[in-house]
Amino acid sequence: MTNVIVVGGGPGGYTAAIRAAQLGCDVKLIEKVKIGGTCLNRGCIPTKVLLHASHIRDSFKKAQEYGFSVENVSFDWKTLMQRKEDTVKQLTDGVEAILESWGVEIIYGEASFVEPHVIAVTDEQGSTTKINGENFIVATGSRTSLPPIEGLRSEGVLTSDDALCIDELPSSILIVGGGVIGVEFATLFSNLGCSVTVVEFLPRILSNIDEELASMVHEILSFKGVAIHASTKVTKIEKSGNILTVTLEGEGGKTSKVEVSNVLLAAGRLPDTSALNLENIGVKTERGRVVVDKHMKTNLPHIYAIGDCASPFMLAHVAMAEGEVAAENIAGNARAMDYTAVPSCIFTEPELASVGMSEADCLDAGIPIKVSRFPMVGNGRALTLGEAIGMVKIVAEEKYEKVLGVHILGPNATELISTAGMALMLEATADEIANLIFAHPTVGEALKEAALLLQGKAIHFPKA
C-alpha cells in the first residue's frame, strides 16, 4: 500500500488526503492548529458569514421599497461572532469526520523535514516525533504579508486574522490594501455602519481584475461612503489614546493624515514554508514558494506541493484541484493541472466574478477580440431583487467568437461564473452560449444576452 503524508490540513491538504485514501493509499495528515486551514478558520468561511450579515443590514435600506417598515433595528456584534464560530465549527468538524471515515490518520503539530523521507512533528507540549514517509504532499498555505510601516505594531492595528476576532465593531477603520481581501472587508465594515478608508499603493483597486468592472466597484464603494486613495502608501501609524493617526503619501510625495480607531492590514499573503526545512533536504523554492511542475511534483520525485505555498493562484478552490492532481499522480494516475478556467470570486455588493482573460490580457497578447457588455438593468431577475447594478462582459476571439473571458458584476455572480468557466473549458463560442436555453427569470439570462449581444442580436437590448 502506497504511503502518503500530507502536511497541512487546509482545503488543498484535506482534499489531497481524502483523494489519496480513496485511491487506496495509507494516509497521514499533519496539521499545526485546526483542520480547515486559513480558508475555513480565518478566511473564506468566516468572512462570508460576516459579509452575509452586512448584506442583511444593507437590505434594510431597500425594505421600504418592498412595503416593509423597518424601525429600531438593533445589531449585536457578539451574536454575529458566535454565529461565525458555530458555522466554522460545523464545517471543520464535518471535514474531520470525513477524513476519519476514509481512514486518514490526523496528527496535530508543526512539521519539519529532517531527511528527504523523514519528517519531525512537534506538538503543543514540545514533544517531537519522527515519521518516515514514502510520499509527501506539502500544503502549508500562506501567511499575512506585513508591509514595512513605522508603527505597525501599535495597538489597534489588525491583520485579516485579527479582524475576525475583535470584540466590537470599529467606529472607523483604515484598510491597507485594495485587493480582494481589502475590498471585501471594506464592503463588510461599510455595510455595518463603520467609516472606512482604503489605501492602495497601485494606481487602482483590484489590479488583477478587469479594469472596467474594478472601476465600477470603486464607484459603488465610493457611493457607500468608502474613501479610496489609490497610488498612495501608508508611511506611519501613531497611537494617541484610542485614536490611530495614519500618515499617507500620495503621488508627488504629497502627505496627508487620517484618524481612525483601527487599521487593517490587507496587503496580500506570502507562502508559509519557513518552518519546513525544505532547502536543507534539497527541495527547490523561489522566495519561499515551492517550485512544482504541472503534476504538482517538486524537484524531488516523492515530494509534491499544492495550494498557496506553491500555486500561481492563492485560491482555496485551486488548492483543492491541485490536491486531487497530486494525490492521483502519487497513486499512479498521470494527471496534469489545468489552469485554463480558474474563477475569481469577490464578495463585494454586488458580487464580482471573472474567469479567463480580460480585455487588457488579450490586447497585451495581441489577440484580436470582440467585447460585449450586457447591463444588469436589462435582466428581469436582477430587477426583481432590486440589484440591477453591474453587467456581464464577454471577451471573445474576433474571427470565430471563441469565448476567452467572462467578467460579471451583479447578483449571484459568484455562482454564475461556474457556467462561464464550463464554457471556457469546452472552448465554447458565443453562438453556443446564445443557443443554450436559460431558465427564466434568472440572473443567468444575462450571460445568454451578452453572448447574443456579441453577435448583434440581443433580445433585451436596444438596437445600436
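Student: Does Val180 count as buried, partly exposed or exposed?
Tutor: The relative accessibility of Val180 is 35%. Buried means under 20% relative accessible area and exposed means over 50%, with partly exposed in between (1.4 Å probe, protein chains only). At 35%, Val180 therefore counts as partly exposed.

Student: What pLDDT must side-chain atom pairs have to count?
Tutor: Residues are numbered from 1 along each chain as its sequence is written, and side-chain values use heavy atoms, with hydrogens and water left out. The model is predicted: totals for chains, interfaces and linings use all residues, local features need pLDDT of at least 70, and side-chain atom pairs count only at pLDDT 80 or more.

Student: Which residues does Val180 contact, leaving aside its neighbours within four places in sequence?
Tutor: Val180 lies in helix H6 (residues 180-191); helices (H or I, at least four residues) and strands (E, at least two) are DSSP runs, numbered from the N terminus. Val180 and Ile346 are 166 residues apart in sequence, yet their C-alpha atoms are 6.3 Å apart in space. With contact taken as heavy atoms within 4.5 Å, the partners of Val180 beyond four places in sequence are Leu206 and Ile346.

Student: How are H1 and H4 oriented to each other?
Tutor: The axes of helix H1 (residues 11-22) and helix H4 (residues 77-101) come within 9 Å and cross at roughly 25 degrees. Axes are lines fitted to C-alpha atoms, for helices over the stretch in contact, and angles run from 0 to 180 degrees between N-to-C directions. Angles under 35 degrees count as roughly parallel, over 145 as roughly antiparallel, 65 to 115 as roughly perpendicular and the rest as oblique. H1 and H4 are therefore roughly parallel.

Student: How many residues of the contact of H1 with H4 are nonpolar?
Tutor: H1 contributes Tyr14, Ala17 and Ile18, and H4 contributes Val95, Ile98 and Leu99. Ala, Val, Leu, Ile, Met, Phe, Trp, Tyr, Cys and Pro count as nonpolar, Asp, Glu, Lys and Arg as charged, and the others, Gly among them, as polar. The contact has no polar and no charged residues, and the number of nonpolar ones is 6.

Student: Which handedness does the crossing of H3 and H4 have?
Tutor: The axes of helix H3 (residues 44-63) and H4 come within 9 Å and cross at roughly 140 degrees, and these helices are therefore oblique to each other. A crossing is left-handed if the near helix is turned anticlockwise from the far one by less than a right angle, and right-handed if clockwise. H3 passes H4 in a crossing that is right-handed.

Student: Which strands stand at the edges of the open sheet?
Tutor: The sheet has 3 strands in the order E4-E5-E6, with antiparallel pairing; two strands pair if DSSP finds at least two bridges between them. The twist averages 30 degrees from one strand to the next. One side of each edge strand is left without a neighbour in the sheet, so each has a single partner strand: these are E4 (110-115) and E6 (128-132).

Student: Which residue takes a positive phi in the hairpin of E5 and E6?
Tutor: E5 and E6 pair in the antiparallel sense over 5 bridges, and Val121 has Thr129 in E6 as a bridge partner. Between the two strands of this hairpin there are 5 residues, and the one with a positive phi near 90 degrees is Gly126.
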